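Visitor: Could you walk me through this structure, one question at a time?
Guide: Gladly, here it is.

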Amino acid sequence: MMELVCPAGTPAALRAAVEAGAHAIYCGFADETNARNFPGLNFSREELAEGVAFAHARGAKVLVAINTFPRAGAEPLWHRALADAETAGADAVILADLGLLAHTAEHHPNLRRHLSVQAAAANPDAINLYAQAFGVRRVVLPRVLSVQEIAAINREIDVETEVFVFGGLCVMAEGRCSLSSYATGRSPNMNGVCSPASHVAYAEEGPELAARLGGFTIHRTPKGAPAPYPTLCKGCFTSAEQTGHIFEDPVSLDATQLIPALARAGVSALKIEGRQRSRAYVAQVVRSFRAAVEAQAAGQPLPESALARLTEGQAATTGAYAKTWR
Amino acid sequence: MDLTVGPNPFFWTAGAVRGFYAALARAPVARVVIGEWVCSKRLPFWQDEIPQAVETLQAAGKAVALSSLALITLKRERKLTADLAATGLAVEINDLTALHHIPEGTPFWVGPMVNVYNEGTLRWLAGRGATRICLPPELPLESVAVLAQAGREAGVSVEVWGHGRLPLAISGRCYHARLHDRAKDNCQFVCAEDPDGREVDTLDGQKFLVVNGVQTLSQSTASMALQIEALRDAGVAALRLSPQTGDFTGICRGYAAVLAGRKSGAELAAELAGQVPGGRLSDGFLSGPAGAHWSGAAAAG
């Protein structure tokens, strides 16, 4: 059966995901070492150790994301996170930075290493380099690849692949995007945040609500209509005579229907985005996907998707998995 | 401190490429990186210009390296990358894929699309053969200073993005094609219509971004004109100037004059405002609250 890798932003979400059938949970410490460094989110050292014990007692794994790029002059903060993840009993760490991978291979050789999507390793040569140089055992593929390309990659590598199937969708190659810091000074790579709420401002202007990020208008919606969060790459902009969602519509990823194709492509693990999501949301999504991967493994048709409810009011896409998206 | 000219991000005609490098041979720059780093589909249209450009630049005493693509997914693109390593010229890697093809110990350069944010990464790349690293443009001055020091210790020259629209993102999707209601596979090379990229404004008319095929750049042109002293103090070895249309060799001469003390940074900045596409400058990644910020804005009133 394909491994279902589920997000947990809080200890409560971790327990909910494990109880809903997650095979593995990924989470991070409450600081800039992980790429979901949001206020009120993530784990203390104690909470992680408790979470690992809870998950292990129920046959689930815990993967710790230490996937930002350490700040020059401040590497010890990231090195401590690695050591503490190993001490807490983490089953693997998810890393993106070359220096941190080298440090882990040298100082924590027995700690299993997964390559974060933030490393954007998009072909067999890059993946094999990470495998050979740092003993990486699994790579989370960037969201720029089609299913056919994923299958081709799996034929040329010996490590496992993990792909995103549900939740937020980066339209840019991850780990290589500084749109957010251009507008706000804070970026995924350096600070673990994208389009941070601290830099969002809403203003009622005539019949419209303007949503701005770092002073740049990301979209305008009629007053009273639902206003999506102003994520930079999902904004509405103007270019020459055209106005619209030039990069991507405010959609989220749903590749449920592609689970059989991804299995045939040799994918080992399916990842659900959303460490910032509520415990109830996580439990519902996990339950639905667990049923789907079980059906797939048993050669049965996928169960009627219970996910429609979760994406209701918001469009979903299969993103780059379908070649026409490009 | 000296000057490096980076690879051209935009899709220009073969004739424009030829003229650009012929002129650049006379510009006061120490080295040039040439090659396609944004979209492999463009390469057949201008790759025949590369050997002549390399020869001309080398004859003019400039060091030359070939750039890899920044996003490599197709088999054809992997082959192109492997071929680069076999040319015998220095290679500038803009994706780790290229490293897979460079034998350990062979010297190479590292471009701004490789994430070098800290000393550990710099040292690992140096150990693998890196001799020159252009840092990611989003790094603040404090990080630049730490990395320049680490570079000196490891025998690596550290460069900073000195001039040009900032490469902010790269994608599997082509935004130029999308603006023309086409998919990437049927793009009909529409990015050639915008030799400095196509501007993307906010709904309030704020100048914001530029799309260039699969790449997204800043609308403002980053310039270190007002930061040269700070970068010199930090131990930065070179400024990277990124190609644009117009009098690019004149722009190179402007930076060279500031480095030589013949012109002030403020004078250069004032000149540049009239020379860069869109007319706006920024240096906020290095020292401001956000990348789009321009430290000269207050002085200019």
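Visitor: How many bridges join E6(B) to strand E7 of chain B?
Guide: This is a predicted model, in which local features need pLDDT of at least 70, side-chain atom pairs count only at pLDDT 80 or more, and totals for chains, interfaces and linings use all residues. Residues are numbered from 1 along each chain as its sequence is written, chains are lettered from A and ligands numbered from 1 in the order in which they are written, and side-chain values use heavy atoms, with hydrogens and water left out. Helices (H or I, at least four residues) and strands (E, at least two) are DSSP runs, numbered from the N terminus, and two strands pair if DSSP finds at least two bridges between them. E6(B) and E7(B), residues 157-170, run parallel, and the number of bridges joining them is three.

Visitor: Is E6(B) mostly covered or uncovered?
Guide: Buried means under 20% relative accessible area, exposed over 50%, and partly exposed in between (1.4 Å probe, protein chains only). E6(B) spans residues 130-134, and four of its five residues are buried. The strand is therefore, by that definition, mostly covered.

Visitor: What is the hand of the β-α-β unit that contains E5(B) and E6(B)?
Guide: The helix in this unit is H6(B), residues 119-128. A crossover is right-handed if, with the strands pointing away from the viewer, the path from the first strand over the helix to the second runs clockwise. The unit made by E5(B), H6(B) and E6(B) is right-handed.

Visitor: How are H6(B) and H7(B) oriented to each other?
Guide: Axes are lines fitted to C-alpha atoms, for helices over the stretch in contact, and angles run from 0 to 180 degrees between N-to-C directions. The axes of H6(B) and helix H7 (residues 141-154) of chain B come within 10 Å and cross at roughly 30°. Angles under 35 degrees count as roughly parallel, over 145 as roughly antiparallel, 65 to 115 as roughly perpendicular and the rest as oblique. The two helices, H6(B) and H7(B), are therefore roughly parallel.

Visitor: Which residues of H6(B) make the contact with H7(B)?
Guide: Contact means heavy atoms within 4.5 Å. From H7(B), the contact uses Val146(B), Leu147(B), Ala150(B), Gly151(B) and Ala154(B). From H6(B), the residues are Glu119(B), Leu122(B) and Ala126(B).

Visitor: What is the orientation of H4(A) relative to H6(B)?
Guide: Helix H4 (residues 98-107) of chain A packs on H6(B) with the axes 6 Å apart and an angle of about 80°. That makes the arrangement of H4(A) and H6(B) roughly perpendicular.

Visitor: Which residues of H4(A) make that contact?
Guide: On the H6(B) side, the contact involves Gly120(B), Thr121(B), Trp124(B) and Leu125(B). On the H4(A) side, the residues are Leu98(A), Gly99(A) and Ala102(A).

Visitor: Which strands stand at the edges of the open sheet in chain A?
Guide: This sheet of three strands has the order E8-E9-E10 (chain A), with antiparallel pairing. Each edge strand has a single partner strand, so one side of each is left without a neighbour in the sheet. The edge strands are E8(A) (200-205) and E10(A) (216-222).

Visitor: Which residue of E9(A) stands opposite Val200(A)?
Guide: E8(A) and strand E9 (residues 208-213) of chain A pair in the antiparallel sense over six bridges. Opposite Val200(A) stands Leu213(A).

Visitor: Is Ala120(A) buried or exposed?
Guide: Ala120(A) is found in the loop between strand E5 (113-115) and helix H5 (124-134) of chain A. Its phi is near 50°, a positive value in a residue other than glycine. With a relative accessible area of 4%, Ala120(A) is buried.

Visitor: And is Asp181(B) buried or exposed?
Guide: Asp181(B) has a positive phi of about 55° although it is not a glycine. Its place is in the loop between helix H8 (175-179) and strand E8 (198-202) of chain B. With a relative accessible area of 73%, Asp181(B) is exposed.
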